[in-house]
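Colleague: I have a model open and want to learn how to read it. Can we go feature by feature?

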Amino acid sequence: MSTQTFDPSEYEETVRLVNEGIGTIKNSLLPAVPTVLNWMPSLAGLINSAVLNAAMAVLRDFGAWVQDLLVWLVEIIAGILAPVMFLGWAGNWRGFIKEAATDAVGMMNGLPIGKGADPLWQGAGADSYRAKVEPQVNAATQVGAMCDSTGKLMESLGWAGIGLYLAILSTIVAISETLATLIAEAISVAGIPAMVPTSVTNAAKLAALLALGTAAVTQFGTMTTAIRDLNAAVQDN
């Protein structure tokens with residue numbers, strides 16, 4: 001089993017923060033962007049027009065980017081409870097389900113008839129059954145191995161899912177902070193010249209965070225291949 005430990009309360013807090021963060025972006029920060037953009041042209045006499053236009057472009061483009069990203073994030077978090085289910089079933093597959101197969105192996109290996117040492121059952125029928133014991137043991141052993149592989153795969157899916165949602169949470173926090181900073185700078189008027197460098201600095205941070213999310217999605221792709229391989233093994237007589 002993995003050396004990692006799963007803390008349900010920590011994950012529940014992650015889920016709460018993800019949902020809360022998306023709600024804040026959708027209901028508070030994004031709606032403020034058009035309001036600020038409508039207000040900013042009135043500052044034309046106070047701020048250099050080139051600086052003002054650049055700041056307005058930054059806020060407009062960042063708001064549009066967040067709007068598009070939000071659609072993707074909302075789709076992704078639809079499965080936010082999946083890691084809990086994967087980790088739970090990982091324990092089941094590597095626990096009592098696998099145990100049933102390994103118990104069967106032990107039982108069959110312990111049969112006197114399987115060892116050819118049963119004095120109470122001899123003859124053609126005994127010989128025929130004895131010949132079937134080893135294939136049955138091999139089959140039960142293979143079932144046990146598949147249970148273990150399935151459990152490991154589900155465990156990997158669970159931890160990859162948790163990593164994905166932690167990356168999403170970090171991205172949501174960065175988006176919220178960036179939007180809040182840009183809006184605050186725009187409202188303060190004196191901070192408007194700082195909006196462009198702020199957007200450049202935060203773009204690098206967001207790119208790094210989104211790379212984490214992309215890596216998690218790539219990991220899911222790798223595990224999808226493992227799922228196909230496991231499915232093929234299950235169907236192989």
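Colleague: Where does Val-189 lie?

Modeller: Val-189 sits in the loop between helix 4 and helix 5. This is a predicted model, so keep that in mind throughout.

Colleague: What is the phi of Val-189?

Modeller: Phi is near 65 degrees for Val-189, a positive value in a residue other than glycine.

Colleague: Now the overall fold. How many helices and strands does the protein chain have?

Modeller: Five helices and zero strands. Along the sequence the pattern reads α-α-α-α-α.

Colleague: How does the radius of gyration compare with the globule rule?

Modeller: The rule gives 18 Å for 237 residues. The protein chain has 29 Å, well over that value, so it is more spread out than a compact globule. The box tells you about the outline: the C-alpha atoms fill roughly 110 × 30 × 25 Å along the principal axes.

Colleague: What share of the residues is buried?

Modeller: Buried residues make up 35% of the 237 in the protein chain.

Colleague: What share of contacts joins residues 24 or more positions apart?

Modeller: Count contacts with a separation of 6 or more. In the protein chain, 82% of them are between residues 24 or more positions apart.

Colleague: Let's go inside. Which residues touch the most other members of the largest nonpolar core?

Modeller: The core has 43 residues. Those touching the most other members are Val-18, Ile-25, Met-40, Leu-59, Leu-179, Ile-192 and Met-195. Two or more residues each come from helix 1 (8-39), helix 2 (49-76), helix 4 (124-188) and helix 5 (195-235). Helix 4 gives the most, with 13 residues.

Colleague: Pick one of those. What does Met-40 contact?

Modeller: Set aside neighbours within four places in sequence. Met-40 then contacts Leu-52, Ala-55, Met-56, Leu-59, Ala-186, Ile-192 and Met-195.

Colleague: Is Ile-25 buried or exposed?

Modeller: Buried, with a relative accessible area of 0%. Ile-25 belongs to helix 1. Beyond its neighbours within four places, its contacts include Val-66, Leu-70, Ile-172 and Ile-175.

Colleague: How far is Ile-25 from Gly-191 in sequence and in space?

Modeller: Keep the two scales separate. They are 166 residues apart in sequence and 22 Å apart in space, C-alpha to C-alpha.

Colleague: What about a charged side chain? Is Glu-185 buried or exposed?

Modeller: Glu-185 has a relative accessible area of 14%. The cut-off for buried is under 20%, so Glu-185 counts as buried. Its place is in helix 4. Leaving out neighbours within four places, Glu-185 contacts Gly-191, Ile-192, Ala-194, Met-195 and Thr-198.

Notes
Residues numbered from 1 in each chain as written. Predicted model: local features only at pLDDT ≥ 70, side-chain atom pairs only at ≥ 80, totals over all residues. Heavy atoms only, no water. Helix = DSSP H or I, 4+ residues; strand = E, 2+ residues; numbered from the N terminus. Rg over C-alpha atoms; globule rule 2.2 N^0.38 Å. Buried < 20%, exposed > 50% of the residue type's maximum accessible area, 1.4 Å probe, protein only. Contact = heavy atoms within 4.5 Å. Core = buried A, V, L, I, M, F, W, Y, C linked by side-chain atoms within 4.5 Å.
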